[in-house]
Amino acid sequence: MAKRITFSAVSLALTVICLYGASSLPTGRIVSLALSSLFCGACVSQYGVRYGVVLYIGASLLSLLLIPKRLFVMLYILFAGYYPIVKLYIERLDKLWAEWIIKILFFNVVLVGFYALCRSFFLPNLNPSLLALVMQYMGLIVLGLELIFVLFDWSLSYMIGYYNQFIRRVLS
C-alpha cells in the first residue's frame, strides 16, 4: 500500500511540475502538457483506474492552487488529465477503426464544450474583427486541432508503451 501511495504522490508532483512548466516555459508548452498526462496513464497502467482518477483530481486541484497562469491548467482539467483513462476504455474495443472514430468523436465533443465555455466567457470581450477572422477559418482551426489530437494520442500511446516495456519493470 505504501508503494502505491508513494508512486501516486511522485506522479502527482511530476504532473504539477509539468503543468507549471507548460504555463511558464517560453517553448515546449504543448509537450509539457502532453507529458503531464503521461503520469496519469502510468498510474492507471501500474495500479488501476481508481488511482488514476485520484491523481487527476489531486493534480487538478493542486495546480489550480499553485500555478498562477491557468490556461494550461484548464486544458489539463478539461481534456489532457483524464484522457488516458478514457483512452484505456476506448482501446478495449480492439478494433482500430472503431477506436479512432470514437476517439475523434470524443475529442470533437470536448472541443464543442470548450468552444461553448470560451464563447460565454471570453468571446463577448473579443475584438469583432478578430472574432470574424476566427469564424472565417474555423474549419481549418478544427482540422488543425484534430491533427494535433491524433499526434497527441499517438505520442501518449508510445510513451505509455515505453513505460510499460522498460520503466515498469524497474519500479516493480
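Colleague: Which cysteine holds the closest cysteine sulfur to the sulfur of Cys18, and how far away is that sulfur?

Modeller: Happy to start there! A disulfide is a covalent bond between the sulfur atoms of two cysteines. The cut-off is a pair of cysteine sulfur atoms within 2.5 Å. For Cys18 the closest cysteine sulfur is in Cys40, 13 Å away, too far for a bond. The sulfur of Cys40 has its closest cysteine sulfur in Cys43, at 6.9 Å, also too far for a bond. The structure holds zero disulfides. A word on the source: this is a predicted model, where local features need pLDDT of at least 70, side-chain atom pairs count only at pLDDT 80 or more, and totals for chains, interfaces and linings use all residues. Residues are numbered from 1 along each chain as its sequence is written, and side-chain values use heavy atoms, leaving out hydrogens and water.

Colleague: Is Cys40 buried or exposed?

Modeller: Buried means under 20% relative accessible area, exposed over 50%, and partly exposed in between (1.4 Å probe, protein chains only). Cys40 is buried at 0% relative accessibility, and Cys18 is buried at 12%. Asp94, by contrast, is exposed, with a relative accessible area of 69%. Asp94 has a phi near 60°, a positive value in a residue other than glycine.

Colleague: At roughly what angle do the axes of helix 1 and helix 2 cross?

Modeller: Two packed helices are described by the angle between their axes and the distance between the axes. Here, the axes of helix 1 (residues 2-24) and helix 2 (residues 29-47) cross at roughly 170° and come within 7 Å. Axes are lines fitted to C-alpha atoms, for helices over the stretch in contact, with angles from 0 to 180 degrees between N-to-C directions; helices are DSSP runs (H or I, at least four residues), numbered from the N terminus. Helix 1 and helix 2 are therefore roughly antiparallel to each other (over 145 degrees; under 35 is roughly parallel, 65 to 115 roughly perpendicular, the rest oblique).

How values were computed. Helix = DSSP H or I, 4+ residues; strand = E, 2+ residues; numbered from the N terminus.
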